[in-house]
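Me: Hi! I have a new model open and would like to talk it through with you. Could you take a look?

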Amino acid sequence: MARPHLSFEFFPPHSPAANMRLWSSVERLAPLGPDFVSVTYGAGGTTRDRTRAAIATIKERARLQVAAHLTCVDATRSETLDVARGFRRMGVKRIVALRGDPPKGADRFVAHPDGYGSAAELVEGLMRDGDYDITVAAYPEVHPEAASVSADIDNLKRKFDAGAQRAICQFCFETDTFLRFRDACADAGIAQPILPGILPVENFAKMQGFAARCGAGIPEWMKAAFGNAQTEAEAKLLAVAIAAEQATDMMEAGVDHLHFYTLNDPDLTWDICAALGLEANDMQAVAGGAA
Ligand code: FAD
């Protein structure tokens, strides 16, 4: 099997200790030679600044392509485009263009009166504004607000028709569900890459809450397996084994790019890549590494 392309998602840290954790995650994972790393974006101004700061940290510590996430939440169109232009000024032309989630307690997203109402509109706006490389989100288990499976795939197609170049999927633990989704996208005429999102399970209880919020299912076999893990070490081994098996099954089915949700913890992602036989040999990726 050919070596897969890799990408890693990080989130902006909110304390000096968390910033150290981001540094060490980036330095540990950069030698695996990811095609890009991405940095998430939260609602509101402070998290926006944290995204910028995290990008600056990554660019300082490693020679990596960075993709900045960007949402339409609580911002006018021109404010949103200004944030994207700010990323460009930092040397980041890759944008993960998202609508964003409804605020806590609300079940539907309400756009700012002068803002973008969907990710497809944001992609159109970015494409008109500059030369961006745009990635969008996709949902193998269907976005919770979508009217139907086909309506959700139609929406994904609109994002590609507007100019997106690839989609990253919400994490999904059943490989067959991802593969069926990938094939349904191809049947709908989508030719661009659909990257599976792999979530290493660092903390099963916490992950259950997160999965419920974003509409990702947790298979019964996984609940039983983690239920039987007696120690943290056993749970960690299980997490690595599950993700490595999922990645192997996907690669055997022709998937050539794996996107990891690292949660700024490099260990599980590193161990999964090691289990897949992926070597960390790109020492030049780390600033200060061998030239
Ligand atoms: P959209 O593609 O606009 O879709 C949202 C919903 O509206 C879908 O149900 C879609 O089917 C429906 N829809 C859209 N347009 C139409 C239409 N014309 N007609 C009918 N239905 C329509 N959130 C953050 O806040 N920050 C992040 O950094 C972040 N990163 C993410 C990264 C990935 C890889 C993923 C998968 C999600 C991420 N999210 C992030 C979460 C994301 O913001 C939410 O899932 C959000 O609810 C939807 O965003 P979207 O870009 O998929 O929206």
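This is a predicted model: local features need pLDDT of at least 70, side-chain atom pairs count only at pLDDT 80 or more; totals for chains, interfaces and linings use all residues.

Me: What is phi of Leu263 near?
Reply: Phi of Leu263 is near 55°, which is a positive value in a residue other than glycine.

Me: Is Leu263 buried or exposed?
Reply: Buried, because 21 other C-beta atoms lie within 10 Å of Leu263, and the cut-off for buried is 20 or more.

Me: OK, and Asn264? What is its phi near?
Reply: Phi of Asn264 is near 60°, again a positive value in a residue other than glycine. Asn264 is also found in the loop between strand 8 and helix 10. With 21 C-beta neighbours inside 10 Å, Asn264 counts as buried too.

Me: Let's zoom out. How many helices and strands are there in the chain?
Reply: The chain has ten helices and eight strands. Its radius of gyration is 18 Å, close to the 19 Å that the globule rule gives for 291 residues, so the chain is as compact as a globular protein of that length. Along the principal axes, the C-alpha atoms fill a box of roughly 50 × 45 × 40 Å.

Me: What percentage of the residues in the chain is buried?
Reply: Buried residues are 39% of the 291. As for contacts, take those between residues at least 6 apart in sequence: 81% of them join residues at least 24 apart.

Me: Now the strands. In which sense do strand 1 and strand 2 pair, parallel or antiparallel?
Reply: Parallel: strand 1 (residues 5-10) and strand 2 (residues 36-39) pair over four bridges. Phe10 stands opposite Val39 in strand 2.

Me: Which helix makes a β-α-β unit with those two strands?
Reply: That is helix 1 (residues 16-29), and the unit it makes with strand 1 and strand 2 is right-handed.

Me: And what about strand 2 and strand 3, how many bridges do they pair over?
Reply: Three, in the parallel sense, with strand 3 covering residues 66-70. Val37 has Val66 in strand 3 as its bridge partner.

Me: Switching to the ligand. Which residues come nearest?
Reply: Of the 24 residues around the ligand, the nearest are Thr40, His69, Arg99, Ala119 and Ala137. The shell divides into nine nonpolar, ten polar and five charged residues.

Me: Which element gives the largest share of that shell?
Reply: Helix 5, with four residues. Helix 4 (119-129), helix 5 (149-161) and strand 6 (166-171) each supply at least two residues of the shell.

Me: Staying with helix 4, which of its residues are buried?
Reply: Ala119, Ala120, Glu121, Leu122, Val123 and Leu126 are buried there. The buried residues of helix 4 pack against helix 3 (77-89), strand 4 (94-97), strand 5 (133-138) and helix 5.

Me: Last one, Thr175. Where is it found?
Reply: Thr175 is found in helix 6 (residues 175-187). Thr175 is partly exposed, with 19 other C-beta atoms within 10 Å.

Me: And which residues does Thr175 touch, leaving out those up to four places away in sequence?
Reply: Thr175 touches Gln246, Asp249 and Met250. Thr175 and Pro140 are 35 residues apart in sequence and 9.9 Å apart in space, C-alpha to C-alpha.

How values were computed:
Residues are numbered from 1 along each chain as its sequence is written. The radius of gyration is taken over C-alpha atoms; the globule rule is 2.2 Å times the number of residues to the power 0.38. A residue is buried if 20 or more other C-beta atoms lie within 10 Å of its own, exposed if 12 or fewer, and partly exposed in between; C-beta atoms are placed from the backbone. Two residues are in contact if their C-beta atoms, placed from the backbone, lie within 7 Å. Two strands pair if DSSP finds at least two bridges between them. A crossover is right-handed if, with the strands pointing away from the viewer, the path from the first strand over the helix to the second runs clockwise. A residue is near a molecule or strand if its C-beta atom, placed from the backbone, lies within 6 Å of it. Ala, Val, Leu, Ile, Met, Phe, Trp, Tyr, Cys and Pro count as nonpolar, Asp, Glu, Lys and Arg as charged, and the others, Gly among them, as polar.
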